[in-house]
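Work through the exercises below with the model open beside you. Try each task before reading its solution.

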Amino acid sequence: MKEAVRIHEVGPRDGLQNEPGVIALADKMALIDLLSGAGLAEVEIGSFVNPRRVPQMADTAAVMAGIRRDRDCDLTVLVPNMQGWRDFRLAAAAAPAARYRVAVFISASEGFSRANLNCSVAESLTRLAPVVAAAQAAGVALRGYVSCVTDCPFDGPVAPEAVAQAVAALRALAPMPVSLGDTIGKGRPKTVAAMLARVLEVAPARELAGHFHDTGGWALANVEAALDLGLRDFDSAVGGLGGCPFAPGAPGNLATEALIARMAALGLETGADHDRIALAAELARNMRGAA
Ligand code: HMG
Ligand code: MG
């Protein structure tokens, strides 16, 4: 049997959050429904953040209400604080699903933490502690993100030690898998491997994911560096949508279609339905064009 790789699709969130124009709710839901039925392990469908800061995610509750929720696929939302948690819970009560997952996010660097979350790394952890406790009490599965794992758009290169500390701090709140974000795509296989070597001292490979933006065209090479160190969980965005509005120079997540093609070439099983992913990629590209 082929070895499995888990794909976490972030296009509807990490992709669309960066689009300048308005994306129609119906288009967003059509994209998510295509992706959640495409054999992927997880689809990130939105976020409960300040809508003035990320207007493209303001309709996440409506998305939850309108999409298919009966699929064999985790449906993930980002939550930054208790206000976001309460909004998620209200939306989930109106649109119940067994497979919701909440992702909490911090940065390994202070500069990006300030730009993204309007607070220090330590303050972001303090804000997240009650969110994590509430999710645990409610039986909602968690995922963590650490951004800027090799480079920060404000502070420059980030030390592996800072990433290991951030991963350990998140996992001290509660056991959770953590996705390691190369937010601006500056990582190279060597820097990614050096970062991972230190992070693997605080978390096992099966609890880590790679989230490589493809700004510099190195995302697939970075995935392979992470594969060599035992990671089997990767984030990507269909059609290569993506970026973070608070990280200058961060367009373009690794494209899901490129990731599944490379995994197939390496003899690794993703479970992805290539035809559906191709359709979703076309829809994503049209949405980008229309925005
Ligand atoms: P803050 O600015 O510190 O907020 O927000 P505050 O607590 O001072 O409140 C300011 C206003 O925000 C208030 O409204 C709050 O009600 C409102 P006002 O009184 O002015 O009318 N507010 C909220 N509204 C809706 N939902 C909420 C919420 N919280 C406060 N949850 C906050 C802190 C984090 C919310 C804000 O700074 C924010 O929304 N930031 C955007 C974060 C974001 O979505 N970033 C992009 C995703 S992260 C990413 O892309 C990286 C990743 O892909 C990995 C990688 O690539 O590295 C995951
Ligand atoms: Mg990202």
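This is a predicted model: local features need pLDDT of at least 70, side-chain atom pairs count only at pLDDT 80 or more; totals for chains, interfaces and linings use all residues.

Residues are numbered from 1 along each chain as its sequence is written, chains are lettered from A and ligands numbered from 1 in the order in which they are written, and side-chain values use heavy atoms, with hydrogens and water left out.

**Exercise 1. Find the partners of S10 and the links between them.**

Step 1. Take strand S9 (residues 178–182) and strand S10 (residues 208–212). They pair in the parallel sense over five bridges. Val 178 is the bridge partner of Leu 208, and Gly 181 that of His 211.

Step 2. Turn to strand S11 (residues 233–236). S10 pairs with S11 over two bridges, again in the parallel sense. Here Gly 210 stands opposite Phe 234.

Step 3. Follow the chain from S10 to S11. It crosses through helix H9 (residues 219–228), in a right-handed β-α-β crossover. Right-handed means that, with the strands pointing away from the viewer, the path from the first strand over the helix to the second runs clockwise. S9, helix H8 (residues 189–199) and S10 also make a right-handed β-α-β unit.

**Exercise 2. Decide how enclosed S10 is.**

Step 1. Apply the cut-offs: buried means under 20% relative accessible area, exposed over 50%, partly exposed in between (1.4 Å probe, protein chains only).

Step 2. Check both faces. Leu 208, Gly 210 and Phe 212 are buried on one side, Ala 209 and His 211 on the other.

Step 3. Conclude. Five of the five residues of S10 are buried, so the strand is largely enclosed by the rest of the structure.

**Exercise 3. Which residues coordinate the magnesium ion (ligand 2)?**

Step 1. List the donors: Asp 14 (OD), His 211 (NE2) and His 213 (NE2), at 2.0 to 2.3 Å. Donors are N, O and S atoms within 2.8 Å of the metal (3.2 Å for Na, K and Ca); water is not among the atoms, so sites may look incomplete.

Step 2. Read their spacing in sequence: D-x196-H-x1-H. Asp 14 lies in helix H1 (residues 11–15) and His 211 in strand S10, 197 residues apart, so the pair links distant parts of the chain.

Step 3. Check burial. Asp 14 is buried at 2% relative accessibility. His 211 is buried too, at 4%.

**Exercise 4. Sort the faces of helix H4 (residues 82–94).**

Step 1. Name the buried residues: Gly 84, Trp 85, Phe 88, Ala 91 and Ala 92.

Step 2. Look down the axis of H4. The buried residues fall within an arc of 130 degrees (taken from the directions from the helix axis to the C-beta atoms), so they line one face of the helix.

Step 3. Turn to the face away from the buried side. It carries the exposed residues Gln 83, Leu 90, Ala 93 and Ala 94.

How values were computed:
Two strands pair if DSSP finds at least two bridges between them. Helices (H or I, at least four residues) and strands (E, at least two) are DSSP runs, numbered from the N terminus.
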